Amino acid sequence: SVDLNSTTILDNVYGGGNEGAVTKNTEVFVTNGKISNNLFAGGNGVNAVVYGNSTITIDGTTEVGTSDSVAPNSGCVFGAGNAADSGSTDSASTATVNIVGATIHGNVYGGPKMAIVNGKTQTNIGSKAVKDSNLVEGDIIISGTVFGGGESNANGSETYDWNFISVTGGTNVEINGNDYI
C-alpha cells in the first residue's frame, strides 16, 4: 500500500507497479498531500496489471494537480491504472475511489486511463458516501467531471474511441454533499 501524509509529490503516484504486475490488492491513501500530476490506484504500463482490487482514498486538504492542469494529462484521480488493466477475464476486480476532502484540478475516474477494469468500479464522494468516520473531512472541489468509468483518450485530444470499454462489470457513483458547508 501507498500511504502519503502531508507529502508533496511533483509527478504521478501509482498504487501498483511500474511495468510490473501486482497479484494482490493495491491501496493508496493520501491525506493533506499535494500531487502535482495524476493519482492512480493501479499500476503504470501494459505489464502492470493489478490482479486484485484497487482502492484510492483521499481526505483532508489534499490537492491533485495545479490550476494549470489539463485533464486527462494532469490533475486527475483514477481508480485503476495508466495503460494497466485490473483483474482478468478469469478473476474480476473492483476499483474504488473514496474522496472526503480534496481539491482536484481535473477529472475523477472510477476506472483507468487507457486500460480496462475487468470487473466493476465504485466511486464515493463525500463522507456520507464513503462511510468511514476515521477519515478527515475537508472541502471537496472538483474542477472537472466525475466519471464512473475510465478515460479512453490518452493524449487529451477531442478524438475519442467511442467503442472502447474501460469497465466490463458496471459502474456506480455516489456523491453525497450532506453536512458540507
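In the predicted model, F147 is partly exposed, with a relative accessibility of 35%. Its aromatic partner is Y109: the ring centres are 5.1 Å apart and the planes meet at 10°, so the pair is classed as stacked. Y109 belongs to strand β12 (residues 108-109) and F147 to strand β15 (residues 146-147), so this contact ties together parts of the chain that are 38 residues apart in sequence. In contrast to the partly exposed F147, Y109 is buried, its relative accessible area being 1%.

The count of aromatic pairs comes to 4. Another of them is formed by Y14 and F40, a stacked pair with 4.9 Å from centre to centre and 10° between the planes. This pair also links distant parts of the chain, with Y14 in strand β3 (residues 13-14), F40 in strand β6 (residues 39-40), and a separation of 26 residues. Ring pairs join Y14, F40, F78, Y109 and F147 into a cluster.

Charged side chains form 3 salt bridges. In one of these, E63 and K34 meet with an N to O distance of 3.6 Å. E63 is located in strand β8 (residues 62-64) and K34 in strand β5 (residues 34-35), so the bridge ties together parts that are 29 residues apart in sequence. Both residues are partly exposed, E63 with a relative accessible area of 24% and K34 with a relative accessibility of 25%.

A salt bridge also connects K128 and D179, whose closest N and O atoms are 2.7 Å apart. K128 lies in helix α1 (residues 127-130) and D179 in the segment after β16 (171-175), so the parts tied together are 51 residues apart in sequence. K128 is partly exposed at 40% relative accessibility, while D179 is exposed at 56%.

The bridge between K131 and E174 has an N to O distance of 3.7 Å. K131 is in the loop between α1 and β14 (140-142) and E174 is in strand β16, so this contact ties together parts that are 43 residues apart in sequence. K131 counts as exposed, with 64% relative accessibility, and E174 as partly exposed, with a relative accessible area of 27%.

Note on methods
Residues numbered from 1 in each chain as written. Predicted model: local features only at pLDDT ≥ 70, side-chain atom pairs only at ≥ 80, totals over all residues. Heavy atoms only, no water. Phe/Tyr/Trp six-rings, centres within 6.5 Å; stacked < 30°, edge-to-face > 60°. Helix = DSSP H or I, 4+ residues; strand = E, 2+ residues; numbered from the N terminus. Buried < 20%, exposed > 50% of the residue type's maximum accessible area, 1.4 Å probe, protein only. Salt bridge = Lys/Arg side-chain N within 4 Å of Asp/Glu carboxyl O.
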